[in-house]
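Hello,

I am passing a structure over to you, and my notes on it follow below. Please have it open while you read.

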Amino acid sequence: MTKTNSEALITNGIRTDQRQITDLRNIEIEVGLLDKANGSAYLIWGKNKILAAVYGPREVHPRHLAKPDRAFIRCRYHMAPFSTDERKHPAPSRREVELSKVIRMALEPAILTDLFPRTGIDIFIEVLQSDGGTRCASITAAAVALADAGIPLRDLVVGCAAGKIEGQIVLDLNDVEDQKGDADVPIAIMPRTGAISLLQMDGLLTQDEFRQALDLAIQGCMTVYDIQKEALTKKYIQLEITPPASDTPEEPVTSDTPDAPDTLDTLKESSKNEEEVSE
Amino acid sequence: MSESHDVIANIRQRRILDHIRQDQRIDGRGLLDYRPIQVNPGIIGKASGSAWVSIGKTKVLVGIKVETGTPYSDKPDAGVLTVNAELVPIASPSFEPGPPNEDSVELARVIDRGLRESQAVDLTKLCIIPGKLVFIVFVDIYILDHDGNLFDTAALAAIVALMNTTLRGYTVSEDGTIQYTDATSPLPLRNIPVEVTVVKIGEKLLLDPTIEEEALIDTQITIATGDDHEVCAIQKSRVGTFTLDEVLQAMEIAKNKADDIRTNVLGAYR
């Protein structure tokens, strides 16, 4: 909380968290750790920790919201009171209401909503710890949760931001860089077609710089896309490869394993790693 | 694709009840056994203290934030403790987004009373300038996955989070402003309350119900006990009734289980 204004954000091409200007923060995704949700994902992106859960397709309440020809998508982006430096009041802020909407609009194009008329699909995103770039991280996590819920998708949606700090275009701004920097360009794309489903920008950029930032953010998205796919294959392809003929008893690979100890161990491990990097 | 957990097939209900009548559980536990408990303290670096606790598949995250503010006028030299609970819609198909409903308010208040009445946090040591400035300890309970027994899971997560909460060092200048230093100290605790909920299903008392078993509960009682076995808070919830004998039995059960948890789960973090 005691930030000195004179501190440089980039020194000899190295940022305050030891990254190069085109480096992403460390990203890990764990698929399906929640039992009650139809699909879920836990995403650690630098110091960001985000849980996304998907329920549905299910009945819509209130009923009049249901669409006769497609599923009704609802999305809530919410920050935990302890996720920020100052405690955040639990009631949704105007910022959260806006982000809920743009995240929904980023995800909806990927969902084959017309397969589920008169139903609702709920996407709940809880930011447990935030450190800049949570909207992109939320989209990334929510897309994995949608896939985990078995909802037919045209493609995953992946988010990543680029921006400008101290005159340089950099990838994936953290909180300090976002606050002290000159501009932030968060985007989300569907990588198979390159379709951009979220694009925002605040700050000041020349057209050239904007183009550079956009290219860099797309590059970042492609890297994150690989991490999403890897997380999903880790859960689902392993399931498929397990030879049925083997004499080992059927291994329950789903989240139904009693009290899922691995999950929490993983959580602990990753939080440790994160602490090491951040301190 | 999605199902409501509140609805359980009659045949399933009957099986659960048949087991309980024979002092068994459908998942193989005894009536007074908890599911496995897992504790992950300090998972939220930005919080002053935190804990992710799971009992079986039920998962609760508690984050503690310590901030400064004005004391209550009737206790000018004591810090302030506030507890808030969010039934996050992530946790269950029956949780809806929106302002706290009566369930989350009850949950928060039961945890609050366990902590407050046991004097778990030594509030007298949280005064900075009497009558003007004190530390406020915010306990935010986040229900992440609801598979039954939210009270006990949340209470456990809350106390573990408080146990790893740190206070920032400070100095007070003459004009009454405070300056933080880099030093930190653990939050002063005087007691470690443990809450145990005893539920009644078909004349039997049992612990740690799953969400399926909760649908069959006649009534339940939550009992918070402190280090010296003192009872600090009790809450009977739900519509049904207990006999006096059942209440006394429940007290004994809760006391023993609290001891067990205090030794085997919390022991490592004291």
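**What I found**

Helix α2(A) covers residues 134-148 of chain A, and its 15 residues should span 21 Å at 1.5 Å a residue; the end C-alpha atoms are 20 Å apart, which agrees. The expected span here is 1.5 Å times one less than the number of residues. Helices (H or I, at least four residues) and strands (E, at least two) are DSSP runs, numbered from the N terminus. Because 15 of the 15 residues of α2(A) are buried, the helix is largely enclosed by the rest of the structure. Buried means that 20 or more other C-beta atoms lie within 10 Å of a residue's own, exposed means 12 or fewer, and partly exposed is in between, with C-beta atoms placed from the backbone. After α2(A) comes G150(A), with a positive phi near 75 degrees.

Some housekeeping: this is a predicted model, in which local features need pLDDT of at least 70 and side-chain atom pairs count only at pLDDT 80 or more, while totals for chains, interfaces and linings use all residues. Residues are numbered from 1 along each chain as its sequence is written, and chains are lettered from A and ligands numbered from 1 in the order in which they are written.

**Chain A**

Chain A has 5 helices and 12 strands, and 45% of its 279 residues count as buried. Of the contacts in chain A between residues at least 6 apart in sequence, 70% join residues at least 24 apart; a contact means C-beta atoms, placed from the backbone, within 7 Å.

Two cis peptide bonds deserve a look. One joins G56(A) and P57(A), with omega about 0 degrees, and P57(A) sits in strand β5 of chain A. Another joins H61(A) and P62(A), with omega about -10 degrees; P62(A) belongs to the loop between β5 and β6 (72-79) of chain A. For context, most residues other than glycine have a negative phi, and most peptide bonds are trans.

Phi is positive, about 50 degrees, at N12(A), which is not a glycine. N12(A) is in the loop between β1 (10-11) and β2 (14-15) of chain A, and it counts as exposed because it has 5 C-beta neighbours inside 10 Å.

**Where the chains meet**

The contact between the chains involves 34 residues of chain A and 38 residues of chain B. On the chain A side, β5 (48-58), β7 (120-129) and α5 (261-278) each supply at least two residues, and α5(A) gives the most, with 7 residues. That side of chain A divides into 15 nonpolar, 8 polar and 11 charged residues. Here Ala, Val, Leu, Ile, Met, Phe, Trp, Tyr, Cys and Pro count as nonpolar, Asp, Glu, Lys and Arg as charged, and the others, Gly among them, as polar. The predictor gives the complex an ipTM of 0.71 and a pTM of 0.79.

**The core and chain B**

The largest nonpolar core has 139 residues, of which L107(A), I141(B), A154(B) and A158(B) touch the most other members. Such a core is a set of buried Ala, Val, Leu, Ile, Met, Phe, Trp, Tyr and Cys residues joined through C-beta atoms within 7 Å. Helix α3(B), residues 150-163 of chain B, gives the most to this core, with 12 residues. Leaving aside residues up to four places away in sequence, I141(B) touches partners including V60(B), L107(B), A154(B) and A158(B).

In α3(B), 14 of the 14 residues are buried, and the helix reaches 20 Å from its first C-alpha to its last, close to the 20 Å expected. In contrast, strand β8(B) (residues 178-186) is hardly covered, with 0 buried among its 9 residues. This strand pairs with β7(B) (residues 166-172) in the antiparallel sense over 6 bridges; pairing requires at least two bridges found by DSSP. T166(B) stands opposite P186(B), and G176(B) in the hairpin takes a positive phi near 85 degrees.

On confidence, chain B averages a pLDDT of 92, and 98% of the residues score at least 70; pLDDT is the predictor's confidence in each residue, from 0 to 100. Residues 1-5 of chain B stay under 50. Where pLDDT is low, the predicted coordinates should not be read in detail.

Best wishes

Key. Contact = placed C-beta atoms within 7 Å.
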